[in-house]
Amino acid sequence: MAGVSQADIEELYNFIHPLAIKAGEILMEGYEMASKNVSIKGDFYDVVTDYDNKIEDFLMEKILARYPDHKFIGEEETAKNNNVSGELTNAPTWIIDPIDGTSNFIKQIPHVCVSIGLAINKQIVVGVINNPVQKKLFTTKLGQGAFCNGKPIHVSSCESVKDANVAYEVSLLHVHSVANKHIKRIYHVGLNARRLVAYSCVVDELCMVAAGNLDAFYIEDMYPWDCAAGSLLVKEAGGVVTHPFGGPFDIMKPDLICAGTEKLRKEIEDLLRKGDQEESVGGKPVQK
Amino acid sequence: MSSAVSESKLKEYYDVALKLVLKCGPLMQEGYQKAKTEYKVKADFYDLVTVYDKQIEDILTEGLVAAFPESLIIGEEESAVSQRQAELTDAPTWIIDPIDGTTNFIHRIPHCCISVGLAINKELVVGIIYNPPANELFSAYKGHGAYLNGEPIHTSKVTTIKQAVIAYEISLIHAAGVRDKNVKRLYKMASNATGTRCFGSAALTLCYVATGQCDAYHVEDLKPWDIAAGAIILTEAGGTVCHTSGSKFDVMKPDCVCAATPELAKNVISLIEEAGQITEYTFK
């Protein structure tokens, strides 16, 4: 397929921008309800709500009406639909998380986002993320910077982990198969970082790194829709996004470290490696 | 003195404090919006103080002492300046944190607040916590319930750790003296809870348990002003606040377990005891 032009990107961005705002309104409608219809799928803490489905259906319907050949990779879609793709191809592909932070949504913890990313030729070219509870709309187009509510945002200049505010998803300790790995890593990052926070909303944490509210964020075992739009936002805000051990970020297996600077990213990578070398927290190195 | 405070006097304490806290809102918001905020480091390097911290505390203490000359102040900035260990007497005592969550404040993360608590006869009776960036005003006084922006709030009904979203101050891992216990407790609690959050403001986290947004919170080694106002807000919202051992909460050494229900508090205490049994840092 031919390369994507700036005019194409602009058209696609202008198309999706008002839809992201409307999706945020639907999210707020659900967020403000006193009780919600919650069903459980997969693990018991991964919940889906009526509004997750409602937002996704709304976006898909609008996109397909305008672009019938476009593809989707999304949290709910992976369960149902002809346009859904299990792999990323060169075709324009929307990578959508209708509500990131569903457990926050249910508890009305104000870290909840609609995330919409668009990939063409396997590269993210547009990202729009709406955090309607905090009234923040993050937008980005490839090569054209990152914005929050229309104002340019930039990552922080922090270069040392000892000065850094780092987000780490400690809820992953609940997943027993990876709990030991994460407690060791948390130990080493926490020992060295000035501060750790955890909001259970990957998309929002990516936005906060892009805006310089946080200096770095590390996450593994997430899905493409958690990281697609946010990864472009961080890069367009001047930050770095890599695989945790320094290789290229892979949208389809989006384990990542993102940081305001490469120097900080490397320090965090080194701490993760150090954690992995321990047999247990504070223990002796594994004999290999 | 040991006389009980009258209802009307209690209401007066509450109303005056509320008005003063609201008066500080625009000043705090001004500081929050500034691109860079002047700051210096005191005590631990991650415990930051700003000019706004001082200005807000001055407004609060001057206003409260003017209205209630018999009352005393225990405040974060006052404590830092005087270098003396505060002592709680039976006198009405305001326990003030002008900005809780100063690191959030400086980085424009909307989890920072003004916190004012009042103790009389060593018992917490008034709590006001105001987060201007998020437009959240939490308030309570003894026997009259807890409120968010004037609407009643109540804890969740969660009784087991498996159903609970917990909050934990994972940054405490940074402090060498308390690292070991915090890693072990975090592991035990997070591996059993349905989710774990860390917001970086103890006062607001207590409020999030009061609203039912979180279900439990455990923290130690903080100061009275971090916990005082939030503790009365949480108990007025129907929650439980006790010492980590399960005994009576002491605001002057506020190591605590806070929970939506007494049953959940017991669950958390059991996990903390289990964490204490971990040796050689081996987790399984």
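**Figure 1. The interface of chain A and chain B contains one salt bridge by the rule applied.** The model shown in this and the following views is predicted. The bridge joins A:Lys107 to B:Asp215, with the closest N and O atoms 2.7 Å apart. Overall, 42 residues of chain A are in contact with 40 residues of chain B. About 3,400 Å² is buried between chain A and chain B, and carbon and sulfur atoms give 57% of this area. On the chain A side, the residues that lose the most area to chain B are A:Lys107, A:Arg194 and A:Arg195, which together account for 21% of what that side buries.

**Figure 2. Helix H4 of chain A packs against helix H6 of chain B.** Each of the two helices spans residues 176-192 of its chain, and their axes lie 11 Å apart at an angle of about 150°. Because angles over 145 degrees count as roughly antiparallel, H4(A) is described as roughly antiparallel to H6(B). The crossing of H4(A) with H6(B) is right-handed. H4(A) contributes A:His176, A:Ala179, A:Ile183, A:Ile186, A:Tyr187 and A:Leu191 to the contact, while H6(B) contributes B:Arg179, B:Val183, B:Leu186, B:Tyr187 and B:Ser191. By class, these residues comprise eight nonpolar, two polar and one charged.

**Figure 3. Within chain A, helix H4 crosses helix H7 (residues 262-277).** The axes of H4(A) and H7(A) come within 8 Å and cross at roughly 135°. This angle makes H4(A) oblique to H7(A), and the crossing is right-handed. From H4(A), the residues involved are A:Lys181, A:Lys184, A:Arg185, A:His188, A:Val189 and A:Asn192; they meet A:Leu271, A:Leu272, A:Lys274, A:Gly275 and A:Asp276 of H7(A). The contact of H4(A) with H7(A) has five charged, three polar and three nonpolar residues.

**Figure 4. A salt bridge in chain A links A:Arg273 and A:Glu269.** The closest N and O atoms of the pair are 2.9 Å apart. Both residues belong to helix H7 of chain A, where A:Arg273 and A:Glu269 are four residues apart, about one turn of the helix. Over all chains, the structure holds 25 salt bridges.

**Figure 5. Within chain B, helix H6 packs against helix H9 (residues 262-276).** The axes of H6(B) and H9(B) are 8 Å apart, at an angle of about 135°. H6(B) and H9(B) are therefore oblique to each other, and they cross in a right-handed sense. On H6(B), the contact is made by B:Lys184, B:Arg185, B:Lys188, B:Met189 and B:Asn192, and on H9(B) by B:Val268, B:Leu271, B:Ile272, B:Glu274 and B:Ala275. Sorted by class, the contact of H6(B) with H9(B) has five nonpolar, four charged and one polar residue.

Conventions: Residues numbered from 1 in each chain as written. Chains lettered and ligands numbered in written order. Predicted model: local features only at pLDDT ≥ 70, side-chain atom pairs only at ≥ 80, totals over all residues. Heavy atoms only, no water. Axes fitted to C-alpha atoms, helices over the stretch in contact; angles between N-to-C directions. Parallel < 35°, antiparallel > 145°, perpendicular 65-115°, else oblique. Left-handed = near helix turned anticlockwise from the far one by under 90°. Contact = heavy atoms within 4.5 Å. Nonpolar A, V, L, I, M, F, W, Y, C, P; charged D, E, K, R; others polar. Buried area = accessible area lost by both parts, 1.4 Å probe. Salt bridge = Lys/Arg side-chain N within 4 Å of Asp/Glu carboxyl O.
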